[in-house]
Amino acid sequence: MNKLFENQTVIISGGLGDIGRATALEFAKHGANIALCDVRPASEGREFLEKLAQFKVQSDYSQVDVTDANAVRNWVMHVEDQLGVPGIIIANAATATFSGVIEITPEQWSQELRVNLDGAFYLTQSAITRLLHHGLPGRVVFIGSWAAHAVHTNIPAYCVSKAGIRM
């Protein structure tokens, strides 16, 4: 297997979801060290970290609420200490509330925008700050969605947040 990303660290929010896991596996196959976070407890990440170990890469999982800027900043510092400065930043954490615009509560709307938009911003800002501090290059990947360019009446906050990510 090509070790294109050997000695590089990839940081992925929402790492235990389907997209996060698939992304982590692909980078691990190519030699990258993998740092994942999600809101799920650490016990739910252990089995997946064991799966990543088959690629002989380092990996780390942390339970992090991406709506908390300080928690995200602390996570990025933890990853730097454990695996090295993340040079590939993947803002993947997202949630979707299946409810029409009339039914969705203000709390659901706000929480969804906080996870999907604020979480992507906090991760990007924290990780880029560390790259600049070390004078290193890096790449940021925002995970978008088909829902960003068209109205879907049953997921209004998700559509708005993914349109924001697209911009």
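Arginine 130 and glutamate 80 form a salt bridge whose closest N and O atoms are 2.7 Å apart; the term denotes a side-chain nitrogen of Lys or Arg within 4 Å of a carboxyl oxygen of Asp or Glu. Because arginine 130 lies in helix 4 and glutamate 80 in helix 3 (residues 69–83), the pair ties together parts that are 50 residues apart in sequence. Helices (H or I, at least four residues) and strands (E, at least two) are DSSP runs, numbered from the N terminus. The structure is a predicted model, in which local features need pLDDT of at least 70 and side-chain atom pairs count only at pLDDT 80 or more, while totals for chains, interfaces and linings use all residues. Residues are numbered from 1 along each chain as its sequence is written, and side-chain values use heavy atoms, with hydrogens and water left out.

Arginine 130 is buried, at 15% relative accessibility, and glutamate 80 is likewise classed as buried, with a relative accessible area of 14%. In this classification, buried means under 20% relative accessible area, exposed means over 50%, and partly exposed covers the values in between (1.4 Å probe, protein chains only).

A search of the whole structure finds three salt bridges. Glutamate 26 forms a salt bridge with lysine 29, with the closest N and O atoms 3.0 Å apart. The separation of glutamate 26 and lysine 29 is about one helical turn, because they are three residues apart in helix 1. Glutamate 26 is partly exposed at 41%, as is lysine 29 at 28%.

The crossing of helix 1 and helix 2 is right-handed, that is, the near helix is turned clockwise from the far one by less than a right angle.

Asparagine 7, in the segment before strand 1 (9–12), has a positive phi of about 65° and is exposed at 73% relative accessibility. Lysine 56, in the loop between helix 2 and strand 3 (59–63), has a positive phi near 60° and is exposed with a relative accessible area of 77%.

On the surface, Ile128, Leu132, Val140 and Phe142 form a nonpolar patch with about 340 Å² of accessible area together. Helix 4 (106–134) and strand 5 (139–142) are the elements that give two or more residues to this patch. Patches are made of residues with over 30% relative accessible area and no salt bridge, like charges being joined within 9 Å and nonpolar side chains (Val, Leu, Ile, Met, Phe, Trp, Tyr) within 5 Å. Phenylalanine 142, found in strand 5, is partly exposed at 38% relative accessibility.

Notes. Areas by Shrake-Rupley, 256 points an atom, 1.4 Å probe, with all protein chains shown as cover.
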